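Grab the model and work through these exercises with it open beside you. Each task comes with a worked solution.

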Amino acid sequence: MEQAALWGGVWVALLFSDQALGPLSAYLQGNLNERLTAHLNRTLMQKINSFEDLTPFEYETFYNRVQLLREQASFQPTNLIIFLSTSARDLFTAIPLLAVSATLGWWVPLALLVATAPYALVSLGLQRAIWETVTGTNPEARRMDYAASLLLNPQYAKEHRLFRTGDFWIAFYLENFRKLHRAMAARRREQLAKNLGTLALSLLGFAASVFGVLQRRPSAGQVAMLLATLNQLQQSLLLLAQDGAMLLETLLYMDEVRSFLEEKPSLTASPGIRVKEAPPKIEFDNVYFSYPDGRKALSGVSFTLPPGELFGLVGENGAGKTTLVKLLLRFYEPSEGKILVDGKNLAELDLVAWRKRVAAIFQDYGRYALTLGENVALSDLERMEDEDGVRRALASAGGEELVTKLPQGLHTPLTKEFGGTELSGGEWQKVALARAFYRERARVMVLDEPTAALDPLAEVELYQRFAELARGRTTLLISHRLASVRHAHRILVLKEGRLIEEGDHEELLRKGGEYARMWEAQRTWYR
Ligand SMILES: Nc1ncnc2c1ncn2[C@@H]1O[C@H](COP(=O)(O)OP(=O)(O)O)[C@@H](O)[C@H]1O
Ligand SMILES: [Mg+2]
């Protein structure tokens with residue numbers, strides 16, 4: 001009686017553990033999947049971040065690659081585990097069955113293997129082809145994503161509504177979907193046809209083995225056993241082929257990850273010559289630069305900026321002003337010539353230390369979904385908590401009233417995406433300016449036309465204010481509006497990538513060249 005109870009207990013326990021295995025593995029798989037996905041995404045983000053220059057962003061292939069790797073990061077690592085284990089299971093089921101079937105005749109396992117081999121080979125080949133199609137249609141997949149995210153972007157929402165472009169982007173999405181789907185569907189049709197064909201071949205092999213064994217006139221019991229064995233063997237061989245193909249796809253993905261991680265960055269932050277504390281002297285020595293797509297932006301530019309002085313850089317839109325700053329920050333390397341900082345080649349300077357010494361505001365500054373305070377303090381993460389410093393910076397930027405106006409002061413979250421509030425263009429500009437001023441360690445200050453929202457007179461005021469606050473540091477004021485930089489110690493005039501004139505305002509006017517001509521043309525802006 002006791003023994004019966006024991007057996008009963010064991011049976012119930014086994015039954016339960018069997019039932020529990022499903023939920024348990026679902027729980028583990030869910031957890032594992034999340035962690036693996038996060039790990040892989042973190043690794044990819046770190047890799048992207050390790051490219052210290054901007055050249056990767058010049059190539060479509062970079063976007064294609066990163067998108068593919070990120071998109072599949074949510075399932076490929078788990079697939080690797082799943083298909084490794086199922087392939088192993090299939091293999092360990094097949095091997096003993098192969099041995100058992102050999103007792104029915106040496107040719108039995110051979111016949112089944114030969115008959116199933118085409119199926120396996122075709123499955124592997126097709127899976128590779130599918131992977132190649134997925135990679136090949138990545139531009140379409142990215143355009144689909146692009147269209148879908150455009151409709152969600154508040155910056156574009158006004159134009160979608162005004163120009164009624166919403167349907168245009170939906171059509172754009174569908175057009176790319178159709179292209180992608182056509183390519184993928186063709187592959188899948190091929191897969192279906194070839195798989196059915198080779199599956200028939202495998203069944204033929206199965207039928208032949210059964211027939212062959214039946215020639216030996218086995219008993220009814222033996223027939224049942226033999227059919228069961230052969231059936232199971234054939235099933236496990238087919239499964240092995242299928243799981244192996246899925247495993248191959250995962251391995252192809254992992255290989256792509258590996259090659260991306262092994263890619264040598266165009267520029268890394270290796271330590272170099274120490275950067276001095278004091279405001280630096282900056283020299284451009286016959287600098288040429290073309291963007292990776294071949295567009296010439298700077299041609300033979302040479303000048304010297306003595307330390308701590310105020311410089312103006314002027315020129316029409318597209319003259320190369322922003323490019324010059326990008327080279328100064330080493331976002332790109334000159335194609336020819338050198339940039340010298342205190343007489344040392346910029347390329348040999350400690351990159352991180354150099355960038356820490358520069359505060360620059362560009363036309364397209366960031367508007368982050370963070371609090372007002374964080375939006376300012378982002379330029380000096382080590383002092384993230386310095387609220388007084390943040391207030392000081394905001395005051396310098398003329399944005400102190402933002403703190404009192406916003407409901408939670410410095411702690412007000414900005415942008416609506418995560419439930420914050422929105423600022424006007426001019427208010428964002430002040431935040432961006434404050435971000436530059438917050439970088440108190442900076443010894444080089446650059447203001448590169450973040451003033452799109454301002455009228456010419458307001459820009460003049462802002463530039464003057466910036467120049468006063470930047471005093472004592474090597475400062476570069478950039479604008480296509482000459483009046484904004486007229487008080488600079490020295491003004492450089494760029495035209496189509498060439499430095500054509502140099503001098504202070506009065507000198508340049510007397511010269512009667514390009515600067516004087518532009519000045520004359522722009523005078524009416526300041527009436
Ligand atoms: N990433 C890029 N790739 C190719 N050409 C570019 C790139 N960025 C800017 N350019 C081109 O380089 C020239 C100089 O641009 P830029 O330095 O931004 O001018 P500016 O700041 O004086 O208005 C322009 O003709 C512009 O179209
Ligand atoms: Mg520019």
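**Exercise 1.** Which residues in helix 7 meet which residues in helix 8?

*Solution.* Before you start: this is a predicted model, where local features need pLDDT of at least 70 and side-chain atom pairs count only at pLDDT 80 or more, while totals for chains, interfaces and linings use all residues. Residues are numbered from 1 along each chain as its sequence is written, and chains are lettered from A and ligands numbered from 1 in the order in which they are written.

Step 1: find the elements. Helices (H or I, at least four residues) and strands (E, at least two) are DSSP runs, numbered from the N terminus. Helix 7 covers residues 166–214, and helix 8 covers residues 220–262.

Step 2: list the contacts, meaning residues whose C-beta atoms, placed from the backbone, lie within 7 Å. From helix 7 you get S202, F206, S209, V210 and V213; they meet L226, L227, L230, Q234 and L238 of helix 8.

Step 3: sort them by class. Ala, Val, Leu, Ile, Met, Phe, Trp, Tyr, Cys and Pro count as nonpolar, Asp, Glu, Lys and Arg as charged, and the others, Gly among them, as polar. This contact of helix 7 with helix 8 has seven nonpolar, three polar and no charged residues.

**Exercise 2.** At what angle do helix 7 and helix 8 pack, and how far apart are their axes?

*Solution.* Helix 7 and helix 8 come out at about 160 degrees, axes 11 Å apart.

Step 1: name the arrangement. That angle makes helix 7 roughly antiparallel to helix 8 (the label for angles over 145 degrees; under 35 is roughly parallel, 65 to 115 roughly perpendicular and the rest oblique).

**Exercise 3.** Now describe how helix 4 packs with helix 8.

*Solution.* Step 1: helix 4 (residues 107–136) packs with helix 8 at about 25 degrees, and their axes are 9 Å apart. The two are therefore roughly parallel.

Step 2: the contact has 12 nonpolar, six polar and two charged residues. Among those from helix 4 are Y119, R128 and W131, while helix 8 brings residues including L237, A241 and E249.

**Exercise 4.** What is the strand order of the open sheet of four strands, and which strands stand at its edges?

*Solution.* Step 1: the order is 2-1-4-5, with antiparallel pairing; strands pair if DSSP finds at least two bridges between them. Strand 2 and strand 5 (344–345) each have a single partner strand, so one side of each lacks a neighbour in the sheet.

Step 1: strand 1 (residues 282–290) pairs with strand 2 (residues 296–305) over six bridges. E283 has T304 as its bridge partner, and F284 stands opposite F303. In the hairpin, with five residues between the strands, G294 takes a positive phi near 100 degrees.

Step 2: strand 1 is also joined to strand 4 (residues 336–341), by five bridges, and Y288 is partnered by E336 there.

Notes:
Axes are lines fitted to C-alpha atoms, for helices over the stretch in contact, and angles run from 0 to 180 degrees between N-to-C directions. Two residues are in contact if their C-beta atoms, placed from the backbone, lie within 7 Å.
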